[in-house]
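Welcome to this short tour. Please open the structure in your viewer and colour it by chain before we set off.

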Amino acid sequence: MAEPPLPTPRLEATLRVDEERLPDILRRSIDFGCRPVVTKQDDGTVTLPIIATASQLEELREAGYSVQLIETPGGIDYGVGQGDRFDGGRTAPRGFGEKTGR
Amino acid sequence: MTYLNVVEVESALAGLAAAYPTLCQLVSLPNPTIEGRSTHALQIGDVSADAVLFTACAHAREWGGAEICIYFAADLLEAYTAHAGVAYGGKSFSASTVRRIVDNLNVVVYPCVNPDGRAFDQLHDALWRKNRNPASSGGDPNRVGVDINRNHDFLWDFRADFAPGATSTGTLASDDPGSDLFHGTAAESEPETRNVRWLLDTYRFTRWYVDIHSYTGDLLYSWGDDLNQSDDTTMNFRNPGWNGQRGVPGGYAEYIPAADLTTAQGAAQRVVDAINAVHGGHYVSLQSVSLWGSPGAVTYPTSGASDDYAYSRHFADCIKGRVFAFTLEFGYATSDFRTSFHPPWPDMQQIVLEIDAGMFELCAAAAPSFRWPWIVLFRRLWPWQIWDPLARFLDPIVRQILGAVRSRAQGSQR
């Protein structure tokens, strides 16, 4: 079976806006993560990370927002298991907590 | 160690069910995913007891929720069997607490609500959020999928239910399939959403529900559509008179009984304190709609979210039990999204310890030290097929009588 086409790659960026413009930016259809992570800066601005396509980032720049691209570290292995370490249910996982008072 | 792939999530649950057959059982969810995957939950303890439900990975890229649930279940079962307590860094639970949880509570964990999305994200590193339903995409890969956490039956029709100012908010929900917040073609249109509802329906004594997400280091309590208020009972999500006015500052605020708010805030703080006790973290609890710690400064209204749906059920249907519902956002923002959503595994292991301590704390708070035998018998034997229709029939009559009594009492006071 042929692989389904993949979505357009998206980039990570940090938006910097004046605090009073925050509601405006939250109205835009942008991926802010599960919830927006807004950080107040000393200069009265706020920053928030976003995920967007290159064209979306360009639109934001044209609208006057400060957009700083985040260089995603390449080659990181976040580590997803290969195969099945629990052997189809014949092996049970062990918890990470320390068992006490046995 | 590494993150679990979707096959391993299922086989881990099967492994626990096989290793502890007298303490837990594998529960098959009725709705296979769009890509044909069947999923399971693990039910631990007595099904006739009050239940605590944990779900995770509704959002595909938030990988660690599955591991949090599975290793929590493993700790609980292992400690109970060994007559042991459990310690997570600076937070510990005694053997008697573990025993009380398993003996007097029904703990249900559903580690991977959205396995299609998880498999896609783990394969393609796409920062994918939604499920993989292509029905509304028109063949465009950028328009595939529905956001499960905007697909629940709570103020789902956001264009009618919310104020125009809120509907333009990029965080509320979207009817554009190209958006990460696409809410589907109808409430509960997605099999993943229906599976969560099925768990709430099936475990009718569910009293607590936590939907695990990442990442902002928050524990969020209801409501998520607007600010809370406890004065005006008519200002609520069921009242169509308030349609078109929700989700913007001023005017509408969602009714929550004062006692419920106190209970929800107290439980949230207790869980947060337990999480922070593990490694000295800085998780906070706040109302779901609040973006900042101070309520109302900048709000983040949501439509069709799981926590609001779970808590709203008993208002909407008299036979549903009251479920105190929360969204837990594990982890913290790092320098980039990928590391925030799925931290390197050694960091994730530390997060698992923290959140598992919070889950234990909630269960410890929920588990009674004693249950009346007649209540246990009542719950096991009561014919709900007869009682539920009868209760629905009697509810408006009882409400009418109570209302008449109340207004007569108020009249005689004047």
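Start with chain B and chain A together: about 5,100 Å² is buried between them, and carbon and sulfur atoms give 60% of that area. Buried area here is the accessible area (1.4 Å probe) that two parts lose on being put together, summed over both. Keep in mind that this is a predicted model, where local features need pLDDT of at least 70, side-chain atom pairs count only at pLDDT 80 or more, and totals for chains, interfaces and linings use all residues. Residues are numbered from 1 along each chain as its sequence is written, chains are lettered from A in the order in which they are written, and side-chain values use heavy atoms, with hydrogens and water left out.

Now zoom in on B:Arg61 and A:Asp31, which form a salt bridge with their closest N and O atoms 2.7 Å apart. The term covers a side-chain nitrogen of Lys or Arg within 4 Å of a carboxyl oxygen of Asp or Glu. Six such salt bridges are found across the interface of chain B and chain A.

Finally, show the strands (DSSP runs of E, at least two residues, numbered from the N terminus). Strand 5 (residues 98-100) of chain A runs antiparallel to strand 4 of chain B, and three bridges join them; strands pair if DSSP finds at least two bridges between them. Select A:Thr100 and look across to B:Gly85, its bridge partner in strand 4 of chain B.

Definitions and conventions. Helix = DSSP H or I, 4+ residues; strand = E, 2+ residues; numbered from the N terminus.
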